[in-house]
Amino acid sequence: MALTRTHVDRFEAAMPRLEAIAYRLLGSASDAEDAVQDTFLRWQAADVDRIEVPEAWLTKVLTNLCLNQLTSARARRESYVGQWLPEPLLAGDPMLGPADTAEQRESVSYAVLALMERLTPNERVVYVLREAFDYPHRRIAEILDITEASCQQIFHRAKKHIAEGKARTEIDEAAARRIVEEFLAAATSGRTEPLVRLLTSDAIAIGDGGGKVPARTKAFEGALAVAKFMRGLFKPSKAKRDLVGGSAEIYSTTANGAPAVVAVVDGRVIGVMCVEVTADGIAAFRNQANPDKLERATRQWATSDHGEPLFHAF
């Protein structure tokens, strides 16, 4: 049936929430946009006047679409070149969704999005809807066509999986940003020792190049290995400039609500390094360099006020 302006307005009012749910479920902004668009097509084809609670109907349709994508994504990622990391969202991106509570902020953090790859599709749905959007178990159970008791069990299992993989207690944003800036100063000093002192003993560095740009297929593990890698990463060379198309401007900002280092060449974001900072030091670097996963970041960068770069690298 043809949608009235009222029907379209109702869908558009629900879009920010739908996009925020889909991004958390899929870890990809482009896939989230596709899922929301497919939800609209089903809304357009439905007899919407007979739908009693449109928001619940839309959430269920979107969730089922995401479940299908999550199931097929597992097979795709088995053949993915190198490490797979989520698509980062820079500060101010509306797809980050609500950030009023610690649970909401944590659910969209880059570290937790990466950890959610360990969950089954149902665990991921229950965790996201309950933790980030405070859906009651009864409603989540209706969406997944399971019992409320099963939903509660799935949620506890998902929380346990996430908790087991999380780093130690995090610190406040201002302190984290200072540590990131100290890291950048140390990384460009040409010396390994200052970097080691900023890292936890079990620090890791992971990169996602998607087969499009060079990235190590295995993570660097341990403070010394990570420090040596970072020292080399920021060491200038003609080969690096040729690879990225020039000298990269380096900025300290936030992505997914946490400190991040952004590399930009001629207005194009070529890398977003999300930094996981704890009270013990930097626990992880997760660097997204796959150009397919940086298109939205580049668009967001072009419309944001990010100040002057800290320095030029490469």
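Which strands does α13 lie across, and at about what angle does α13 run to β5? Read on to the second close-up. First, the ground rules: this is a predicted model, where local features need pLDDT of at least 70, side-chain atom pairs count only at pLDDT 80 or more, and totals for chains, interfaces and linings use all residues. Residues are numbered from 1 along each chain as its sequence is written, and side-chain values use heavy atoms, with hydrogens and water left out.

**Close-up 1. The sheet.** Seven strands make up an open, mixed sheet, ordered β2-β1-β6-β5-β4-β3-β7. Strands here are DSSP E runs of at least two residues and helices are H or I runs of at least four, numbered from the N terminus; two strands pair if DSSP finds at least two bridges between them. The edges belong to β2 (220-221) and β7 (311-313), each with a single partner strand, so one side of each has no neighbour in the sheet. Further in, β3 and β4 (residues 258-265) run antiparallel, joined by seven bridges.

**Close-up 2. Helices on the sheet.** Here's the opening answer: α13 lies across β3, β4 and β5, at about 95° to β5. Helix α11 (residues 223-233) lies across β1 (199-208), β2, β5 (268-278) and β6 (281-288), and runs at about 50° to β1. Contact means heavy atoms within 4.5 Å; axes are lines fitted to C-alpha atoms, for helices over the stretch in contact, with angles from 0 to 180 degrees between N-to-C directions.

Close-up 3. The structure holds seven aromatic pairs (ring centres of Phe, Tyr or Trp, using the six-membered ring of Trp, within 6.5 Å; planes under 30 degrees apart are stacked, over 60 edge-to-face, the rest tilted). One of them is W43 with W57, tilted, at 5.7 Å centre to centre and 55° between the planes. W43 sits in helix α2 (residues 29-45) and W57 in helix α3 (residues 54-78), so the pair ties together parts 14 residues apart in sequence. W43 is buried at 1% relative accessibility, while W57 is partly exposed at 25% (buried is under 20% relative accessible area, exposed over 50%, partly exposed in between; 1.4 Å probe, protein chains only).

Close-up 4. Y251 belongs to strand β3 (residues 248-255) and W301 to helix α13 (residues 295-302), 50 residues apart. Both count as buried: Y251 at 5%, W301 at 6%. Y251 also stands opposite V262 in β4.
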